[in-house]
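Work through the exercises below with the sequence and the model open side by side. Each task is followed by a solution in steps.

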Amino acid sequence: MILDHFNYIKTETLSGDIRADVKNILLINGKYSTYIHVSNVAERNVLISKTYGLNHDKCAIAGLLHDISAIIKPADMLEYAYENGFAICEAERKYPFLLHQRLSKISAVEYFNILDEEILSAIECHTTLKKHPSKYEMSLFIADKLAWDREGIPPYYEEVNAALAISLEAACYRYMQYMVDNDMILCPHDNWIEAYGQLKDMGEFG
């Protein structure tokens, strides 16, 4: 099991209540701020699900688990990826924390016994998105950005939230375009490049 691979991670027997179990594992590993973030993302993802006809429970679970691997140190994420033969892009080599979306998916399967592919695929690309994204993938991507893990309101909040009233694709594009326009991409992930390119090719939303 992935979490057992790192001897500094504390785990306990699961209760079956996923919200309580997520809270427990994050708090016993000193990740209070991550718990607040995932709770907010889960809430936001459920709100989005009501607009776009998605399963509320799936969106809540995806939100709660999307950053569960934050209890793993970034350097260890990269080492684990190398040891397990991951195909690693330049962005992940330079900024290993980007691997957390992939390791969170593995943790969701192995520790929380989540087998639903719509949940897992959303977790796996929640930071970068990917080409041909599903509604669940786009929903979690946007929920993560609107309920970001920093103080205050994101600078792109109004623009992206307004685009969300048009479509999930429009919201994803508006966020990505904001990041490009404001030179906020340190090293774009391969999946991010493909997703942004595809959304840009779709033309104006409205």
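A pocket here is an open set of grid points, on a 1 Å grid, where a 1.4 Å probe fits, with protein on both sides within 12 Å along at least five of seven lines. Its volume is the space filled by probe spheres set on the points. The model is predicted.

**Exercise 1.** Describe the largest pocket by volume, lining and residue class.

Solution. 
- Step 1: The volume of the largest pocket is about 780 Å³.
- Step 2: Its lining consists of 24 residues, and those nearest the centre are L98, T127, R150, Y175 and M179.
- Step 3: Helices α8 (135-146) and α10 (168-181) each contribute at least two lining residues.
- Step 4: Sorted by class, the lining has 13 nonpolar, six polar and five charged residues.

**Exercise 2.** Characterise the packing of α3 against α7.

Solution. 
- Step 1: α3 (residues 56-65) and α7 (residues 117-124) meet at an angle of about 35 degrees, with axes 9 Å apart.
- Step 2: Their crossing is right-handed.
- Step 3: α3 makes the contact through K58, I61, A62 and L65, and α7 through E118, I119 and I123.
- Step 4: These contact residues comprise five nonpolar, no polar and two charged.

Methods: Residues numbered from 1 in each chain as written. Predicted model: local features only at pLDDT ≥ 70, side-chain atom pairs only at ≥ 80, totals over all residues. Heavy atoms only, no water. Axes fitted to C-alpha atoms, helices over the stretch in contact; angles between N-to-C directions. Helix = DSSP H or I, 4+ residues; strand = E, 2+ residues; numbered from the N terminus. Left-handed = near helix turned anticlockwise from the far one by under 90°. Contact = heavy atoms within 4.5 Å. Nonpolar A, V, L, I, M, F, W, Y, C, P; charged D, E, K, R; others polar. 1 Å grid on protein atoms, 1.4 Å probe; cavity = no way out; pocket = protein on both sides within 12 Å on 5 of 7 lines; lining within 4 Å.
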